[in-house]
Amino acid sequence: SVINAEYGKQWYQRRVRVEQKSGCMPEEVITLADVIMKECDGLRLAGVMTIGAFGFDWSDGAINPDFVELLECKRRLGEHLGRDDLEVSMGMSDDFERAIEMGSSNVRVGSKIFGARN
């Protein structure tokens, strides 16, 4: 997952690592957010983001644990900051519908539009 922050008109995203990717660990989200809020005057904290495990099998009705973890990060961060407007960016071309059902406000669907990367 990622901390989303806006710098002027540029988005800054720092992944919250709930999957095997780079980014901050879920237990570091509040610390990172505090640094952004206190030391990065040009950034506006917008929310959290994750890609989630690639190839997660939704067929048996399971819920992606990476998405669940990100939603918990958002809840804790919102409570810590006293905000209820944090965005959640999770889901990609293969699982965006499930991500939206779980509460994602942003999805990344580039390969659905442009095809797979080479």
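I took contact to mean heavy atoms within 4.5 Å. Among contacts between residues at least 6 apart in sequence, 50% join residues at least 24 apart.

The model is predicted, so I kept to its rules: local features need pLDDT of at least 70, side-chain atom pairs pLDDT 80 or more, and totals for chains, interfaces and linings use all residues. Residues are numbered from 1 along each chain as its sequence is written, and side-chain values use heavy atoms, without hydrogens and water.

I read the order of elements as β-β-α-β-α-β-α-β-α; helices (H or I, at least four residues) and strands (E, at least two) are DSSP runs numbered from the N terminus.

I checked burial next (buried is under 20% relative accessible area, exposed over 50%, with a 1.4 Å probe and protein chains only). Buried residues are 34% of the 118 in the chain.

I turned to α2 itself. Its buried residues are Asp66, Phe67, Leu70, Cys73, Leu77 and Gly78. They lie on the same side of α2 because their arc around the axis is only 125°, taken from the directions from the helix axis to the C-beta atoms. Exposed Pro65 and Glu79 sit on the face turned away from the buried side. After α2 I found Gly82, with a positive phi near 70°.
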